[in-house]
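Visitor: I'm new to this one and would like someone to walk me through it. Can we take it a question at a time?

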Amino acid sequence: MTPYKLLLLPGDGIGPEVMGEAGRIIAWINARGLAKIETETDLVGGCAYDSHGQAISEATMSKALAADAVMLGAVGGPKWDGVPYDQRPEAGLLRLRKDLDLFANLRPAICYPALADASSLKRDRVDGLDIMIVRELTGGVYFGEPKMITDLGNGQKRAVDTQVYQTSEIERIAIVALDLARERKRLVHSADKRNVMKTGVLWNEVVTKLHKERYGDVTLHHILADNCAMQLVRAPKQFDVIVTDNLFGDMLSDEAAMLTGSLGMLPSASLGEADAKGHRRALYEPVHGSAPDIAGKGAANPIATIASLAMCLRYSFFLGETADRIEAAISKVLDQGLRTADIAQDSCCTVGTKEMGEAIVAALDRGE
Ligand code: NAD
């Protein structure tokens with residue numbers, strides 16, 4: 001059995017608590033002989049700054065580059081508000097994304113039936129929702145040059161951000177989305193603003209050409225990004241995979257996320273270029289932050305982190321069946337009425353971080 005090297009970076013605040021529960025699932029997988037996952041744990045964020053004055057050390061970066069995948073808990077907190085900008089906790093996360101060249105951000109929005117009433121939409125609109133938003137992460141207006149504020153000298157200033165994409169950047173993110181669609185419902189919506197932006201015109205052209213040449217088995221729809229935002233709250237179940245640029249992806253993935261209930265439920269994956277064997281550099285992390293308000297209380301919801309581990313198994317270790325089992329176990333535990341405080345409901349039993357992790361392992365055991 002090929003051993004997989006997984007670097008765990010629990011980080012700050014609730015990061016170590018929720019990562020501990022992912023560790024419990026990894027131990028279960030290893031003990032059942034479903035895979036051989038070798039983990040190593042290291043520092044990132046504020047705790048790394050406290051230890052050696054940097055949000056991530058060169059030694060940790062080398063480990064991240066050598067690992068088959070990296071899992072991160074969360075970084076940051078008020079303790080580090082005053083540290084130099086370049087060493088702020090988030091700098092560790094940004095360095096990981098940049099040096100691993102993680103250009104594809106995958107954010108699933110899954111609405112577990114037991115939590116459908118926690119959504120801001122009516123149950124029938126979201127029950128069973130399962131969307132994957134694929135956001136381009138390293139290009140577009142967040143990084144384009146020029147990017148500056150100029151003093152015009154007459155009491156006025158002028159700010160410029162530049163939206164820029166080239167063919168190869170659009171192609172590689174579209175390939176990720178179209179490949180993913182083949183493992184799902186074979187349906188992709190590509191969201192752009194070709195009606196008003198040149199980058200939208202090119203985006204549309206490149207995705208159309210790629211689809212025509214290589215993905216005839218996948219249905220592709222083009223949708224204007226503003227209409228996509230509207231359709232997500234009108235009839236979200238019409239979507240399967242949505243692919244879009246960095247800016248629109250930032251907005252649309254947050255919008256889709258809130259259809260599903262709580263921040264504590266949302267996993268994510270950030271992927272790099274595939275090598276000849278189909279292996280990609282990858283970082284898996286919950287969408288939430290370090291939640292300083294509840295850190296150390298054993299109350300954090302570990303489901304986002306455990307679901308991020310399931311994504312790691314599926315996309316980095318090619319263990320789709322084990323990932324399915326973990327997701328099914330999460331669903332079963334919610335059906336049983338167990339809830340952490342962030343998703344608490346009347347008539348349900350509120351449990352802590354550890355109890356939720358233990359219940360998921362028990363459900364995995366029963367599912368055998
Ligand atoms: P947050 O996500 O940490 O918390 C927002 C709210 O959601 C809080 O009330 C928190 O208690 C709750 N919450 C979050 N995750 C939860 C979980 N798993 N279980 C139960 N409740 C949960 O966002 P914030 O308060 O804006 O930021 C706190 C710190 O985290 C800041 O320093 C911020 O910079 C950092 N942050 C880090 C990341 C990251 O590491 N990727 C992301 C966002 C924010």
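Visitor: What makes you say that both faces of strand 8 are covered?

Guide: Look at the residues side by side. This is a predicted model, and in it Leu 187, His 189 and Ala 191 on one side of strand 8 are buried, as are Val 188, Ser 190 and Asp 192 on the other. In a regular strand, side chains alternate between the two faces of the sheet. The tally for strand 8 is 6 buried residues out of 6.

Visitor: How do you know that strand 8 pairs with strand 9?

Guide: Two strands pair if there are at least two bridges between them. Strand 8 and strand 9 (residues 219-224) have 6, so they count as paired, and they run parallel.

Visitor: What makes strand 8, helix 7 and strand 9 a right-handed unit?

Guide: Point the strands away from you and follow the path from the first strand over the helix to the second: if the path runs clockwise, the crossover is right-handed. Strand 8, helix 7 and strand 9 make a β-α-β unit of that hand.

Visitor: Why is Lys 193 called buried?

Guide: Because its relative accessibility is 16%, and buried means under 20%. Lys 193 sits in the loop between strand 8 (187-192) and helix 7 (198-214). Beyond its close sequence neighbours, Lys 193 is in contact with Gly 200, Leu 224, Ala 225, Asp 226 and Phe 248.

Visitor: What about Ile 170, buried or exposed?

Guide: Buried, because its relative accessibility is 0% and the cut-off is under 20%. Ile 170 belongs to helix 6 (residues 167-182). Leaving out residues up to four places away in sequence, Ile 170 touches Tyr 165, Leu 202, Trp 203, Val 206 and Val 207.

Visitor: What makes a space a cavity and not a pocket?

Guide: In a cavity, a 1.4 Å probe fits but cannot get out, while a pocket is an open set. The largest pocket here has a volume of about 830 Å³. Of the 30 residues lining the largest pocket, Leu 93, Leu 94, Arg 97, Arg 135 and Leu 137 are the closest to its centre.

Visitor: Which helix gives the largest share of the lining of the largest pocket?

Guide: Helix 4, with 6 residues. By class, the lining of the largest pocket has 11 nonpolar, 8 polar and 11 charged residues.

Visitor: Which residues of helix 4 are buried?

Guide: In helix 4 (residues 89-99), they are Pro 89, Ala 91, Gly 92, Leu 93 and Leu 96. Among the elements covering them are strand 1 (3-11), helix 2 (46-52) and strand 12 (280-286). Just after helix 4, Asp 101 takes a positive phi of about 50°.

Methods. Residues numbered from 1 in each chain as written. Predicted model: local features only at pLDDT ≥ 70, side-chain atom pairs only at ≥ 80, totals over all residues. Heavy atoms only, no water. Helix = DSSP H or I, 4+ residues; strand = E, 2+ residues; numbered from the N terminus. Buried < 20%, exposed > 50% of the residue type's maximum accessible area, 1.4 Å probe, protein only. Contact = heavy atoms within 4.5 Å. 1 Å grid on protein atoms, 1.4 Å probe; cavity = no way out; pocket = protein on both sides within 12 Å on 5 of 7 lines; lining within 4 Å. Points joined across faces, edges and corners; volume = space filled by probe spheres on them. Nonpolar A, V, L, I, M, F, W, Y, C, P; charged D, E, K, R; others polar.
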